Amino acid sequence: MDFGQFLASYWWIIVVILAIVFYKFILRVFFGMVIVPEDRIGLVTKKFALVGANKSLPDGRIIATKGEAGFQAKALAPGLYWGYWPWQYGVDMQAFTVIPEGKVGLILSNDGAELPTGNILARKVPSDNFQDAEAFLNNGGQKGRQTHLLTPGTYRINTYAFTITTVDMAVIHENMLGIITTMDGAPIIQGQIAGKHIEGHNNFQDIDSFLQTGGNRGLQPQVILAGSYYLNPWAVQIEEIPMTDVPIGYVGVVISYIGEDGKDLTGDTFKHGNIVDKGFRGVWLEPLGPGKYPINKYTMKVELVPTTNLVLNWATARSEAHNLDKNLSTITVRSKDGFPFNLDVAQIIHIPANEAPKVIARFGSMSNLVSQVLEPTIGNYFRNSAQDSDVISFLSTRKERQVAAKEHIKAVLDDYNVNAVDTLIGDIVPPEALMKTLTDRKIAEEEQKTYQTQKMAQEQRQGMEKETAIADMQKEIVKAQQSVEIAQRTADATVKKAEGDASSLKLQVDAEATATKMRANAEAEATKARAGAQAEATKLNASADAEKISKTGLAEAEKIMAIGKSTAEAYELQVKAMGGDNFTRYKITEEIGKGSIKIIPEVLINGGNGADGSLSGLMGLQLLEMLQKKNTDKSDGGIINPSAPKN
């Protein structure tokens with residue numbers, strides 16, 4: 001079977017296959033069938049309209065709501081539709097409009113009524129979130145930017161009628177606030193800088209409610225706090241700023257620039273500004289305590305006032321952390337005697353919390369208080385005080401001047417609702433030339449004290465040396481007294497011994513005893529005189545030396561006299577005892593003995609017969625004893641030892 005025979009026999013099969021393959025086309029062409037998928041929307045364009053009143057669109061309109069030719073307001077939702085023949089209708093399949101999380105959809109209407117004069121945004125009309133363009137237009141929807149917006153979600157929006165733009169949600173971060181400025185609304189009342197307070201707009205997220213209740217365009221007194229908001233940026237502009245922080249130890253005095261004029265609460269005694277209740281324009285009577293506050297910086301101002309003791313330094317290159325004294329410097333004053341000098345001053349003040357609004361109402365700020373009151377008051381006081389005194393007096397009366405300054409400044413600051421706690425004078429820097437003079441004077445005074453102290457020390461040292469000399473002299477006196485005592489005892493012993501010897505050799509012993517006694521007496525007197533002279537000489541120092549010599553000489557003379565006298569008496573006694581011839585022989589023999597000439601042998605001398613022999617033997621023994629004694633005295637340096645034993 002050839003192809004022709006096959007077609008002739010089975011043509012109907014080919015028709016069925018073609019119908020199955022092109023069924024959509026066939027249904028579309030012959031029946032006007034349109035299938036809109038479940039994730040699409042059908043945007044309809046009418047190519048022409050049949051005869052009738054609604055054949056063409058009115059002037060200025062681009063969206064047809066009554067079957068006119070052009071873009072149709074009614075879109076096709078997912079489903080099956082008939083009668084949309086391709087020669088009359090064009091159907092464009094478009095995806096749904098999706099607003100993601102964290103975004104909002106801004107709507108621009110391409111068609112609608114004209115905006116009223118003065119409006120920049122079209123007001124909301126019922127339209128099922130712009131999904132029913134036909135209802136939007138029939139309910140008076142206006143063309144242009146819309147106040148209403150789309151929150152996150154999926155919408156069937158006719159993009160022929162509306163253009164959608166997605167933007168981020170408004171986010172206010174922690175410890176921040178949002179200052180609102182609206183783009184549309186009624187004009188701000190004359191004399192005010194911000195719109196009136198409006199409730200019921202859910203933090204400006206329902207801008208239509210805000211406008212319907214009389215909201216003003218421009219700066220708003222209300223602020224929004226931390227969070228995320230569905231705000232229409234065409235309707236609302238946001239400025240994010242930090243919250244107002246009132247630290248511990250401070251209060252915040254609120255100055256409101258908006259609101260009605262309130263009644264002054266200070267009374268007739270306060271003439272420096274109005275203080276009003278909260279909510280009125282002016283300085284609020286009740287300050288803010290420590291904490292964080294959402295203050296609109298364009299409608300209100302918060303002046304921080306320290307309630308703790310505040311230290312202000314009039315000192316160059318030195319400032320406290322509060323920085324209120326950054327423009328204060330060391331005070332230069334001039335004394336009565338014409339010397340300029342510098343001094344540092346510290347002023348401690350305290351402002352009670354309930355007096356803080358009065359201070360701000362009077363001066364406007366704490367810096368104005370410092371520059372307008374404290375700086376001139378303290379500076380002028382110390383300049384005037386310095387002119388009443390010379391530099392030296394000012395330095396020496398610093399304590400008194402500090403007390404006087406405290407009392408004066410306290411009285412002045414009480415009039416300004418400020419408590420003066422204390423006034424302190426710091427470093428005082430006099431002229432260098434004057435300081436050198438004072439230093440030299442002080443050094444001279446100290447040297448004078450030093451010399452006086454040294455003089456007293458020398459006088460004490462002289463007294464000590466004098467007492468030391470007296471003590472040393474006392475030792476010599478005691479020593480001399482002991483020597484006299486020893487000599488006296490020695491003499492007594494010698495006398496006793498001589499008396500014992502005299503019993504055997506009566507004449508010899510008597511003479512020798514008398515001589516020894518005289519010698520002992522003379523030696524004792526001489527020793528006593530010497531000791532007295534030496535003690536007196538030590539006591540009277542150099543002047544006593546002459547007297548000592550005098551007394552020593554006198555003593556020596558008396559000694560010599562006593563020795564001579566005793567010698568004479570001894571000679572006389574010896575002559576009487578021995579006779580003239582025998583004494584002569586004795587002296588000759590003594591003189592020979594002084595020359596150390598031995599003429600008599602050291603042997604026992606035996607006399608001859610008779611009396612002459614005995615006498616000669618006795619004289620020989622006596623002569624031998626005297627020679628031995630003389631030699632012994634010479635060997636001792638010529639000093640007679642009265643304690644030596646006699647043979």
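Colleague: Let's start with strand β24: which residues are on its covered face, and which on its uncovered one?

Modeller: First off, keep in mind that this is a predicted model. In β24, residues 331-334, Ile331 and Val333 make up the covered face, while Thr332 and Arg334 sit on the uncovered one. In a regular strand, side chains alternate between the two faces of the sheet.

Colleague: How do you know that β24 and β25 are paired?

Modeller: Count the bridges. Two strands pair if there are at least two bridges between them, and β24 has 4 to strand β25, residues 340-350. The two run antiparallel, and Ile331 stands opposite Leu343 in β25. The hairpin they form has 5 residues between the strands, and Gly338 takes a positive phi near 90° there.

Colleague: On to the rings. What makes Phe130 and Phe162 an edge-to-face pair?

Modeller: The structure holds 10 aromatic pairs, and this is one of them. Rings pair if their centres lie within 6.5 Å, and planes over 60 degrees apart count as edge-to-face. The centres of Phe130 and Phe162 are 5.3 Å apart and their planes are at 65°, so the pair is edge-to-face.

Colleague: And what does that pair tie together?

Modeller: Phe130 lies in the loop between β8 and α3, and Phe162 in strand β11, so the pair ties together parts that are 32 residues apart in sequence. Both Phe130 and Phe162 are buried. Along with Phe136, they form one aromatic cluster.

Colleague: Why is the pair of Phe363 and Tyr416 called tilted?

Modeller: Stacked needs planes under 30 degrees apart and edge-to-face needs over 60, with the rest counting as tilted. Phe363 and Tyr416 have 40° between their planes, at 5.7 Å centre to centre, and end up as tilted. Phe363 is in helix α5 and Tyr416 in the loop between α8 and β26, so this pair ties together parts 53 residues apart in sequence.

Colleague: Why does Phe363 count as buried, and what does Tyr416 count as?

Modeller: Buried means under 20% relative accessible area, exposed means over 50%, and partly exposed is in between. Phe363 has 10% relative accessibility, so it counts as buried. Tyr416 has 27%, so it counts as partly exposed.

Colleague: Which residues make the contact between α5 and α6?

Modeller: From α5 it's Val359, Ile360 and Phe363, and from α6 it's Met366, Asn368, Leu369, Gln372 and Val373. By class, that contact has 6 nonpolar, 2 polar and no charged residues. The two helices pack at an angle of about 65°, with their axes 9 Å apart, and α5 passes α6 in a left-handed crossing.

Methods:
Residues numbered from 1 in each chain as written. Predicted model: local features only at pLDDT ≥ 70, side-chain atom pairs only at ≥ 80, totals over all residues. Heavy atoms only, no water. Buried < 20%, exposed > 50% of the residue type's maximum accessible area, 1.4 Å probe, protein only. Phe/Tyr/Trp six-rings, centres within 6.5 Å; stacked < 30°, edge-to-face > 60°. Axes fitted to C-alpha atoms, helices over the stretch in contact; angles between N-to-C directions. Left-handed = near helix turned anticlockwise from the far one by under 90°. Contact = heavy atoms within 4.5 Å. Nonpolar A, V, L, I, M, F, W, Y, C, P; charged D, E, K, R; others polar.
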